[in-house]
Amino acid sequence: MIRNNTRARRTLLRLLGACCLCLAAGSAVQAQPTSFSAADLLAAERLREAGLASGLAYELVDSLVTEVGARPAGSLNDQRAVDWALDRLRHLGFSNVRAEPVPLRAWKRGEAHAHITAPYPHPLVMTALGNSVATPKEGLHAEIAYYPDLETLKADVSDRANGRIVFIDQKTERSRDARGYGRAVAARIQGTAEAARRGAIAVAIRSIGTDRDRLAHTGSTRYAEGLSKIPALAVSVPDADLIGRLTRYGQPIKMHLALQAEGGIAAVSHNVIAEIPGSELPNEVVLIGAHLDSWDLGPGALDDGAGVGIVTAAARLMLEAGLKPRRTVRVVLFANEENGFDGAIAYADKYKGQVHQFVGESDLGAGLVYRFQSRVRPEALPLIQQIAQPLAPLGIALGSNEGSPGPDAGVLMRRNAWPALELSQDGSDYFDWHHTPNDTLDKIDPAKLRQNVAAWAVMSWLAAQSPVAFGPMPTAAKP
């Protein structure tokens, strides 16, 4: 009996030990929840309503475009924009406000004009593309080699372009998700090198835009190692139509082009950064960004003054509400997105060892947000689905886990394999004004801007509070 009682006690102790382990495991599960707290969701709803009532984003865009104006990287106005941003961010109560130097090579446009001389003379509304080299002072006069799109040029193995001015008549399709721009913009970026590879003396393109206005759209072009650098320009959409019509006469079309520009100018710009320090995980970062620079043709209200206003106002809502996020919320206004991504590359290199919960950027103007997408590890998707719920009353639907976070943030995602979130804006009319003198404050609807602010505040706050890390992601190839 004594022996049997001892065995029974041992059995009972083993069972009790197993139960204790189960209880401990249950406690561990409870200590690491996989959903947002009711308090965090309530705070997100209050941020949403506050965002819909906030006029701060519009006030910031108004101030930036009125007091600074166009701000091409490396220019005096670029430095004025940096000073403006530092002043505003400090005044709004952010912590750790700073400007981090970004060395770069600036480009400066000079005077330019072009006209058709044959078979019928016509002046052209045109603009130099960013990074273009200059023509000789007397200009160039040559026959046009016409190509309906970039693919036709790439497929040409003849010598038709040799000694001529290549014209690429690539059309840009209007689309809500900027897909049409994505397909067309290669003509601007790659067309110069493709024309030079075939012996062209210059390249002209149809503006990468969806408008019918007689305004030319600028934007950067790229040269290729080992190929001649040739002048590059864009003509307005109506003037591109004119050149297309001239081809029907079967006679040589000739153009005179004079373009002055200077590139490779040593300069320094800055990434402007401000933070709301994290209360529990201060070394993990929620990055919400925009770019501070613009092209020189206009004040850049949509590209990207709107983004600057949106992300700044969204973060400011947390301060106004007295919220203390678990992770650090970092506003980053990037340098030189337009002509080289120097700010994004500098940031990626400097902070590559720091954990980023997500990176995101507002850089498609001021259209309504219609979709929320992610690029996170699968384990975080249930949290993404929960973030979508307080976004739904704003008319925002949940998309896929193949999101794209914007230009600079996309560089960060690819270089450092950081997770990313995307708030997709309706870009249906964005490319009517993009990169033109017509990118002005009157194109912004304050009500649509407020919806953006509400969405960014909700997404950023809940990402900062998430009990689950959105990364790490699989190693990504560098761009």
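In which helix does arginine 80 lie? Arginine 80 belongs to helix 4, which spans residues 76-91; helices here are DSSP runs of H or I with at least four residues, strands are runs of E with at least two, and both are numbered from the N terminus. The model is predicted, so local features need pLDDT of at least 70 and side-chain atom pairs count only at pLDDT 80 or more, while totals for chains, interfaces and linings use all residues. Residues are numbered from 1 along each chain as its sequence is written, and side-chain values use heavy atoms, with hydrogens and water left out.

Arginine 80 has a relative accessible area of 37% and is therefore partly exposed, a class that lies between buried (under 20%) and exposed (over 50%), using a 1.4 Å probe and protein chains only. Leaving aside residues up to four places away in sequence, arginine 80 touches Glu67 and Val68, where contact means heavy atoms within 4.5 Å. Proline 299 is 219 residues from arginine 80 in sequence, and their C-alpha atoms are 13 Å apart in space.

The axes of helix 10 (residues 342-350) and helix 12 come within 9 Å and cross at roughly 35°; axes are lines fitted to C-alpha atoms over the stretch in contact, and angles run from 0 to 180 degrees between N-to-C directions. On the helix 10 side, Ala344, Ile345, Tyr347, Ala348 and Asp349 take part, and they meet Asp408, Val411, Leu412, Arg415 and Asn416 of helix 12. By class, this contact has 6 nonpolar, 1 polar and 3 charged residues. Ala, Val, Leu, Ile, Met, Phe, Trp, Tyr, Cys and Pro count as nonpolar, Asp, Glu, Lys and Arg as charged, and the others, Gly among them, as polar.

Helix 12 (407-416) also supplies at least two residues to the lining of the largest pocket, as do, among others, helix 6 (179-184) and strand 14 (420-425). The largest pocket holds about 1,200 Å³ of space. Of its 45 lining residues, Tyr181, Glu337, Ser404, Gly406 and Pro407 are the closest to its centre. The lining divides into 14 nonpolar, 17 polar and 14 charged residues. On a 1 Å grid over the protein atoms alone, a pocket is an open set of points with protein on both sides within 12 Å along at least five of seven lines, a cavity is a set where a 1.4 Å probe fits but cannot get out, and lining residues have an atom within 4 Å of a point. Grid points are joined across faces, edges and corners, and a volume is the space filled by probe spheres set on the points.

There are 3 cavities of 30 Å³ or more. About 60 Å³ lies in the largest cavity, whose lining includes Trp295, Glu338 and His435.
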